[in-house]
Amino acid sequence: MPQWVKIILFYLSAILLQVLLVNNLYLWGLCSPCVYLFALCCLPVNIPRWIELFIGFFTGLLIDISCNTMGCHCAACVAFAYARPLLIANIIQEKERLIGSFSSEVIGMGQYAKVIAISVSIHHVILFGLLSWSLTRWWLTLVQIVLSVIATLLLLFVIELFRSR
């Protein structure tokens, strides 16, 4: 099977997993894990920038349609897709970026964790900032961001461990 077919099937399965299962796991009203970010994390490193931004926009649009969040996921996914290549360029050495795939096997778990943690944090700050759209209960938004980042990172690392085997 060609590599691009595997990427598309993986992308669609991550979106379906988010829409059908994880969206219904809104834990205590404070934690909302975003498994679909794994599809954006696994995009090839050498993909053109405009395609990565388009994929981020399209991913956010699909999640917004299913969650009825009117563009919040879309904006956060575009920011995620914009920040990811910059983080990869600054954290990972040149020789490792030329390989093309982005996984913990290729670059090591330490560098992989840095890129993913910063990208997910950027995504969640924008997402929950737009969803709350108020500073009256900023502490609640901050708790939602922290708990959701932790839950998302745990799920992404577990998925990455299973994928690398």
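## Helix packing and side-chain pairs

The buried residues of helix H8 are covered by elements that include helix H2 (37-41), helix H6 (104-107) and helix H7 (109-132), where contact means heavy atoms within 4.5 Å. The model is predicted: local features need pLDDT of at least 70, side-chain atom pairs count only at pLDDT 80 or more, and totals for chains, interfaces and linings use all residues. Residues are numbered from 1 along each chain as its sequence is written, and side-chain values use heavy atoms, without hydrogens and water. Helices are DSSP runs (H or I, at least four residues) numbered from the N terminus.

Among the buried residues of H8 are Ile 145, Val 149, Leu 153 and Leu 156; buried means under 20% relative accessible area, exposed over 50%, partly exposed in between (1.4 Å probe, protein chains only).

The whole structure has 1 salt bridge (a side-chain nitrogen of Lys or Arg within 4 Å of a carboxyl oxygen of Asp or Glu). Arg 84 and Glu 52 form it, with their closest N and O atoms 2.6 Å apart. The pair joins helix H4 (residues 72-91) to helix H3 (residues 49-67), 32 residues apart, and both residues are buried.

There are 3 aromatic pairs, with ring centres of Phe, Tyr and Trp (its six-membered ring) within 6.5 Å; planes under 30 degrees apart are stacked, over 60 edge-to-face, the rest tilted. The table gives two of them.

| Pair | Centres | Planes | Class |
|---|---|---|---|
| Phe 54 and Phe 58 | 6.4 Å | 15 degrees | stacked |
| Tyr 112 and Phe 157 | 6.3 Å | 55 degrees | tilted |

Tyr 112 in helix H7 and Phe 157 in helix H8 are 45 residues apart.

Terms used: Helices (H or I, at least four residues) and strands (E, at least two) are DSSP runs, numbered from the N terminus.
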